[in-house]
Amino acid sequence: MSTSTTPAPPGTQDQPPARAAPRRGRRTPARTGWRRALRRDWQLYSLAILPLLFFLVFRYLPMIGNVIAFRRFEPGGSIFGEEWVGLRYVQMFLNDPTFWQVFRNTLWIGGLTLLFCFPVPIVLALLLNEVRRRSLKRFVQSVSYLPHFLSIVIVAGITMQMLASDGPVNHLLGWFGHEPVRFIQEPEWFRTIYVGSEIWQTAGWGTILYLAALTTIDEDLYEAARIDGANRWQQIWHVTLPGIRPTMVTLLILNIGTFMAVGFEKVLLLYNPLTYPTADVISTYVYRAGVESNSFSYAAAIGLFEAVIGLVLITSANQLSRRTVGTSLW
Amino acid sequence: MVKPSRSYRVFQGVNGVVLTLVVLVTLYPFATILARSFSGERQIRAGEVALLPKGFNLTTYKIVFQDAMFWRNYGNTVLYTVVATAVAMVLTTCYAYVLSKKQLKGRGVLVGIAVFTMFFTGGLIPNYILVTSLGLKNSVWAIALPNAISVFNLLVMKAFFENLPTELEEAAQIDGLSTYGVLLRIVLPLSKAVVATMVLFYSVSFWNSWFSAFLYMDRTDLMPVTVYLRNLIQGATGGGNAGAGTEQLSQVGANIQSVTIVLTALPILCVYPFVQRYFVSGVMLGAVKG
C-alpha cells in the first residue's frame, strides 16, 4: 500500500526491465512459487523442522562422520577427526588376518541365512493357504508370529537354555545314548545354532506378506487351470507361485541388501571367545575394535566398507531384478 | 466344489501334521523355560526337566523378586519405553502429516530425505561418537533421540493420513482453524486406529531393545531389564563381563535365567493376543503403500 505510493528511486526503476527478461523465463516463477508456498504452508513446514533436525543430526551427520575412516580420530576431539591420513586404515584392515576371517564368517552366515530363512516363510505360507478351517489357520498363524514379538535377548536366552548341557536338546541326545554336546562353546555348531534360531524367530512373521499376496490371486485362474487338467501341484507351480513372485522378488532384494549386516545383535549375544573362529562377523569386529578397544577410525573404515558393499548389493540386486523379472524396489 | 481327490486328502493330512509340528516347535521352548523357572536347580542340572517342572518350588522367583537391581532395571525399561515412544510419536506424526499433503511444494525432497536413510546408514562407530560427544551417555535421550523416527512407521502413517477425506480439513480451515489446530482437533481424532498401532509398534520395539542401552549406559542402575538379562546369560556361559550387580545371581544358574526370561517376556505375552492383529494390518498397510 505505502510502497505503491512511494516513488521508487530512479536507479532501481531502470534495472528490473533489464533483468526481468532472463528471470521471468526460468527463475522467477520458481522463486515466487517457493515464496508463495512458504507463505501459504509455513505452518506445515514448521511441523517438519524437528523431524528434519532428527534426520540431519542422527542420520546424515553419522554418514558424513564416516570421514573419520580417512582421518585420525582422537577421543574427545572433533567427531570428524583431526587430520587426513588417506587410506591408511583401509590398508590396515586389508592386511589384518582377523578382518579376512570375519569377512568369510559374514559371507557364510549371511549366505546360509539367505538360503534357509528366505524360502521357509514361502513354504509355510503355501501350506497355511491350503488349510480349510479358518480357525485352525488363524491359530497356527498366531502361534508362529509369537517369537517375533520377543526381545532378541530373550530369544538368545531361550536358545542357550535349550542347548545347555542340561537342556532339552542334550536330554534328547541322552535318550539315544549320546554324550552331551556343549553346543554354545563349539565353533562348528555356531552357524547351525544361528540359522536355526533365526528360522524359529522369523519364519511365522515372514509369512504375513506372502499370505496377503496369496489372497490377491484371482480365483478364476485356478478354475481355468483345473479345467485344463492341472492337479494341485501344477496349480501351485503355475498359478500360485507366479502370483506371489513380485512379493518374493521384493523381499529377496531386501534380504540381499541386508546380507552383510547379518544379525549383529544376535551374534553379539550368542557368541563367546571360544566360538569367534566361526561366529565373529564384520559388525561384531567393528564393535570390539571401535567401542571396546577405542580404535575408532580403524573400526569406522571397516564399517564403511561393510555399508558400501551393502549398498552395492542392494542396487545391483534391484537392477538385476528390474531387467530379468520386471519388478524392482525403485 | 469339486470333490477332493484322494491324493489331495493325503496332502491335507500331511499338511495338518506339518503345521502341528510347526506349532509344537514354536511353543516347546516356551514350555521348557516356564517349566525350568519353577524347577529345582538339582533337577535341572540332572537334565530331568523337559515339559513339566520337576521339584516344584518358587524359591527362584523369590530370589529374583528380592533383587533390588532387577526391579530398578524393570522400572528403567518402563521409563525408557514411555519416554522414547512419546518422542517417537510426536516426531513421526508431525513428519507423516507434512508428507501426506500432496500439494506441498518440496514434498518429494522431504520424502527422499527419509527414504534414503533406509538404504544407507552412518554405521555404528560414527553414531557412537556422535551420541557420546553430544553428551547423551547415561541418559534416556541416548535411547530415545537416535531412534525417534522409524521410516517404516512413518510411511505407514503417511499412507493413512493420505486416505483421510480432505474436505473435512478444508472445512475446518475455512472455519478458522490453523494447521496445528486441524492436525490436533480434526486429523488426530480421526486417526485413533493408526496412532494406536504406531504406539504399539514403537513401545514393543523400545521394550525389546537392549543394544543402545548396552552401548550408552555405563551404570548398572541405569540398565533396562533386557541388559540385566543379557548380563545374566553372558555371565553364566563364561562368555564375558557380567554386570556388577548380577554376578552373584549368575552363579545360581539356569532357573534364575528362566525366571528372568519369563518375567521380561511376560508383559509382551500378556498384550500379544490383543495387539498382534494390529501389527499384521500395520505391516500389510506399510507393504502395500510403502
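Tutor: A salt bridge here is a side-chain nitrogen of Lys or Arg within 4 Å of a carboxyl oxygen of Asp or Glu. Keep in mind that this is a predicted model.

Student: Thanks! With which residue does R288(A) form a salt bridge?

Tutor: The cut-off for this pairing is 4 Å, and the closest N and O atoms of the pair are 2.6 Å apart.

Student: How many salt bridges does a search of the whole structure find, and how many of them are between chain A and chain B?

Tutor: Over all chains, the search finds 13 salt bridges. Across the contact between chain A and chain B, D166(A) meets R36(B) at 3.1 Å, N to O. The count between chain A and chain B is one.

Student: Which helix gives the most to the side of chain A that touches chain B?

Tutor: Let's start with the whole contact, which takes 90 residues from chain A and 91 residues from chain B. There are 21 residue pairs in polar contact between the chains, both residues being at pLDDT 80 or more. With 13 residues, the helix that gives the most on the chain A side is α3 (residues 49-65).

Student: What share of the area buried between chain A and chain B do carbon and sulfur atoms give?

Tutor: The residues on the side of chain A that touches chain B divide into 66 nonpolar, 15 polar and nine charged. The area buried between the two chains is about 8100 Å². The share given by carbon and sulfur atoms is 77%.

Student: Now chain B on its own. How many residues apart are E169(B) and K101(B)?

Tutor: The side chains of E169(B) and K101(B) meet in a salt bridge at 3.0 Å, N to O. The pair links distant parts of the chain, with E169(B) in helix α9 (residues 166-174) and K101(B) in the loop between α4 and α5 (107-119). E169(B) is buried at 7% relative accessible area, and K101(B) is buried at 12%.

Student: Which parts does the salt bridge of D218(B) with K137(B) tie together, and how far apart are they in sequence?

Tutor: The closest N and O atoms of D218(B) and K137(B) are 3.6 Å apart. D218(B) is partly exposed at 49% relative accessible area, and K137(B) is partly exposed at 24%. D218(B) lies in the loop between α12 (211-216) and α13 (225-237) and K137(B) in the loop between α6 and α7, so the pair ties together parts whose distance in sequence is 81 residues.

Student: Is T93(B) buried or exposed?

Tutor: T93(B) lies in helix α4 (residues 68-100) of chain B. Not counting residues up to four places away in sequence, T93(B) touches M157(B), F161(B) and L188(B). Buried means under 20% relative accessible area. Because its relative accessibility is 9%, T93(B) counts as buried.

Student: What distance separates the end C-alpha atoms of helix α10 (residues 179-190) of chain B?

Tutor: The buried residues of this helix are T179(B), G181(B), V182(B), L183(B) and V187(B). At 1.5 Å a residue, the twelve residues of α10 should span 16 Å. The distance in the model agrees with that, at 15 Å.

Student: Last one: what is the phi of N294(A)?

Tutor: N294(A) sits in the loop between α16 (282-292) and α17 (296-324) of chain A. N294(A) is partly exposed, with a relative accessible area of 48%. Although N294(A) is not a glycine, its phi is positive, at about 65°.

Note on methods: Residues are numbered from 1 along each chain as its sequence is written. Chains are lettered from A and ligands numbered from 1 in the order in which they are written. This is a predicted model: local features need pLDDT of at least 70, side-chain atom pairs count only at pLDDT 80 or more; totals for chains, interfaces and linings use all residues. Side-chain values use heavy atoms; hydrogens and water are left out. Contact means heavy atoms within 4.5 Å. Buried area is the accessible area (1.4 Å probe) that two parts lose on being put together, summed over both. A polar contact is a pair of N or O atoms within 3.5 Å; within protein, one must be able to donate a hydrogen and the other to accept it, and residues adjacent in sequence count only if both atoms are side-chain atoms. Helices (H or I, at least four residues) and strands (E, at least two) are DSSP runs, numbered from the N terminus. Ala, Val, Leu, Ile, Met, Phe, Trp, Tyr, Cys and Pro count as nonpolar, Asp, Glu, Lys and Arg as charged, and the others, Gly among them, as polar. Buried means under 20% relative accessible area, exposed over 50%, partly exposed in between (1.4 Å probe, protein chains only). The expected span of a helix is 1.5 Å times one less than its number of residues.
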